[in-house]
Amino acid sequence: MSIDAFRTEVRGWLEENCPETMRTPMPADEYPGGGRRAAFKNPDTEIWMRRCADKGFTAPTWPREYGGAGLDAMQAQVLRQEMQRIKARTPLVGMGLSMIGPALLEFGTDEQKAEHLPKIASGAIWWCQGYSEPNSGSDLASLQTRAVADGDEYVINGQKIWTSGADKADWIFCLVRTDTQAPKHNGITFILFDMDQPGVSVKPIKLISGLSPFCETFFEDARALRKNVIGRVNEGWTVAKRLLQYERTMIGGGDGGSGRPNVASVAREYVGSSGGKIADAVLRDEITTHAMDDRAFGLTVRRNLEESRSTQAPSFVSSMFKLYGTEQNKKRYELLLKSMGSQMLGWEGEAFSAEELDTTRAWLRTKANSIEGGTSEVQLNIIAKRVLGLPD
Ligand SMILES: Cc1cc2nc3c(=O)[nH]c(=O)nc-3n(C[C@H](O)[C@H](O)[C@H](O)COP(=O)(O)OP(=O)(O)OC[C@H]3O[C@@H](n4cnc5c(N)ncnc54)[C@H](O)[C@@H]3O)c2cc1C
């Protein structure tokens with residue numbers, strides 16, 4: 001099928017299947033993450049997710065046998081463009097699609113892919129990430145959570161922290177130490193297991209935004225099947241690093257700010273405009289510069305994707321995207337704050353609209369962007385060593 005015919009087909013499908021309410025910005029209290037415990041505020045969110053999943057559009061480039069649509073890069077771009085054109089919400093989000101799914105496609109056995117990928121693409125299972133520990137964040141390889149083999153299983157003891165969505169997640173992809181004698185990077189295994197078992201407990205942690213998006217996660221004789229080790233035993237660091245590259249690419253964004261508030265429109269609304277221009281010249285200049293940087297960033301990410309199409313995987317360059325993209329996003333919300341002034345400082349009450357209250361919380365949430373997935377300082381170290389080849 002030609003790309004034009006594909007576009008026509010996709011456009012028609014979207015017109016027919018995307019509910020009107022799914023063509024509006026996602027409110028802060030809605031999260032189309034799926035999973036066994038999914039609670040959708042708006043029933044259309046679930047309908048939209050299911051329709052896309054049936055069509056393979058939740059994971060457009062994944063093979064059809066694993067629940068994707070088997071699209072090539074060009075077709076996937078057309079789908080993205082057509083969804084942006086009608087302002088369609090992303091039908092399904094989460095670590096399943098953006099992190100463990102790609103890692104499984106790369107490192108999983110056929111059996112592991114067949115078992116886990118379709119449940120990710122359909123939104124049946126919500127995943128969380130068990131990497132960080134109270135004493136192992138930036139120095140992740142020093143992690144201490146222990147796994148000991150016992151027949152067909154591993155018995156796991158230890159603690160993770162900052163586990164996003166652990167209180168809602170069905171499964172966890174987890175880094176555990178399986179060899180305590182080996183150098184720290186060589187004794188780690190990457191394993192998947194069910195969160196719904198007696199050996200796993202979680203305790204939510206509250207953020208400054210008022211939300212509790214992450215938890216402390218405790219394992220006391222938790223059980224994982226050996227067949228759910230991804231890659232080789234004691235060689236999980238390789239999988240872990242690659243997954244971080246997927247995570248950093250995702251956090252960095254690089255889509256030119258689509259789906260995020262349009263700062264220029266907000267500024268026109270709150271500061272006023274004359275002849276279509278934002279009335280405040282200094283603010284106008286800052287917003288224009290930011291928009292140009294966004295555009296250049298989006299194009300750079302796209303060029304890199306095209307260039308690395310042969311490998312189909314991100315590289316250490318993902319650290320550059322993570323660093324720049326998160327700083328851009330933080331700047332975007334600072335500019336919104338300059339534009340909206342005290343209307344973006346409300347916490348509750350009738351003086352503020354629901355969108356204003358959402359924006360306040362989103363602004364506070366951006367503060368975590370340069371910490372999650374590895375801090376900005378750690379990205380700078382990786383860029384220096386792995387991208388620029390500078391000495392230690
Ligand atoms: C919103 C959010 C969600 C998260 N979700 C998850 C999750 O789902 N799963 C998960 O496993 N983890 C998650 N994390 C944890 C995150 O990965 C860690 O917070 C991060 O890696 C930093 O580790 P740390 O908090 O232990 O800080 P530390 O490692 O203790 O760092 C403290 C400070 O020291 C600096 N620093 C440390 N080492 C160096 C160095 N070598 N050079 C220069 N500076 C250095 C850091 O940049 C930082 O400023 C999440 C974090 C946030 C904020």
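Strand 4 and strand 5, residues 188–194, pair in the antiparallel sense over seven bridges. Val176 stands opposite Thr189 in strand 5. Strand 1 pairs with strand 4 too, in the parallel sense and over four bridges, with Cys128 opposite Ile172 in strand 4. Pairing here needs at least two bridges found by DSSP; strands are DSSP runs of E, at least two residues, helices are runs of H or I, at least four residues, and both are numbered from the N terminus.

Before going on, this is a predicted model: local features need pLDDT of at least 70, side-chain atom pairs count only at pLDDT 80 or more, and totals for chains, interfaces and linings use all residues. Residues are numbered from 1 along each chain as its sequence is written.

Back to strand 4. How many of its residues are buried? Seven of seven, where buried means 20 or more other C-beta atoms within 10 Å of the residue's own, exposed means 12 or fewer, partly exposed is in between, and C-beta atoms are placed from the backbone. In a regular strand the side chains alternate between the two faces of the sheet. Here one side has Trp171, Phe173, Leu175 and Arg177, the other has Ile172, Cys174 and Val176, and all are buried.

Strand 4 is also one of the elements that the buried residues of helix 4 pack against; helix 5 and helix 6 are among the others. Packing rests on contacts, meaning C-beta atoms, placed from the backbone, within 7 Å. The buried residues of helix 4 include Met95, Leu97, Ile100 and Pro102. Helix 4, residues 95–107, bends by about 35° at Gly101, with Pro102 following within four residues. That bend is the angle between axes fitted to the seven residues ending at a residue and the seven starting there.

Now the ligand. Which domains give residues to the shell around it? Domain 2 (127–236) and domain 3 (253–387) both do, so the ligand lies between them. Domain bounds come from an automatic or database domain assignment. The centres of these two domains, taken over C-alpha atoms, are 31 Å apart.

Last, Met340, in helix 9, residues 318–340. Why does Met340 count as buried? Because it has 23 C-beta neighbours inside 10 Å. Leaving aside neighbours within four places in sequence, Met340 is in contact with Val266, Tyr270, Glu356 and Thr359. Met340 and Tyr270 are 70 residues apart in sequence, yet 5.7 Å apart in space, C-alpha to C-alpha.

Notes
Two residues are in contact if their C-beta atoms, placed from the backbone, lie within 7 Å.
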